[in-house]
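Trainee: Can you walk me through this one? Start with a word I'll need.

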Amino acid sequence: MKKWLHEGKEFRTIEDFPSDVIGFVYKITNICDGRIYVGRKILYNKLTKLLTKREITEWEKPGRVPKKKKVVKESNWQEYWGSSDKIKEDLKTMGEECFNREILVLCKNKKQLSYYEVYWQMKLDVLAIDSYNENIAGKFYRKDLLS
């Protein structure tokens, strides 16, 4: 599995991140043809799970017994290669050895994630160059720039 790099440091486990970081903005580079993909990844997902029968029978708090609970789970950031179908297709045909994964910025909240993703997509001009990104924030599309 290709590692994530940030300022020369490898990120292999969740413990490698500072405790106040919730996600990161990244750049994946196809080293065979130079195309890039800029995106963001959150480190933890908040899921809603059904309570098990055992949890329901052991419920001791007053009031109605809930049916669901909130669970925080580590995301798939270690295996993640972006949401672009084109990059996933190239990964299958070319293999991981043709790609580098780089963390551009570590973010402490969701607003930072959104801001820095757009910032880096604009700074690297991903819609004007031949990149894997097809849009920025679902508002700016490559096809609109070309027409």
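Mentor: Buried means under 20% relative accessible area, exposed over 50%, partly exposed in between (1.4 Å probe, protein chains only). This is a predicted model: local features need pLDDT of at least 70, side-chain atom pairs count only at pLDDT 80 or more, and totals for chains, interfaces and linings use all residues. Residues are numbered from 1 along each chain as its sequence is written, and side-chain values use heavy atoms, without hydrogens and water.

Trainee: Is Cys98 buried or exposed?

Mentor: Cys98 is buried, at 13% relative accessible area. Cys32 is partly exposed, at 48%.

Trainee: How many disulfides are there?

Mentor: Zero, across the whole structure. A disulfide is a pair of cysteine sulfur atoms within 2.5 Å.

Trainee: New topic. Which residues touch the most other members of the largest nonpolar core?

Mentor: Phe17, Phe24, Trp77 and Phe99, out of 19 residues. A nonpolar core is a set of buried Ala, Val, Leu, Ile, Met, Phe, Trp, Tyr and Cys residues joined through side-chain atoms within 4.5 Å.

Trainee: And which element gives the most to this core?

Mentor: Strand 3, with three residues. Strands (E, at least two residues) are DSSP runs, as are helices (H or I, at least four), numbered from the N terminus.

Trainee: What does Phe99 touch?

Mentor: Leaving out residues up to four places away in sequence, its contacts (heavy atoms within 4.5 Å) include Ile28, Trp81, Leu91 and Tyr132.

Trainee: Where is Ile136, in core terms?

Mentor: Ile136 belongs to a second, separate core of 11 residues, which also includes Ile36, Val38 and Leu104.
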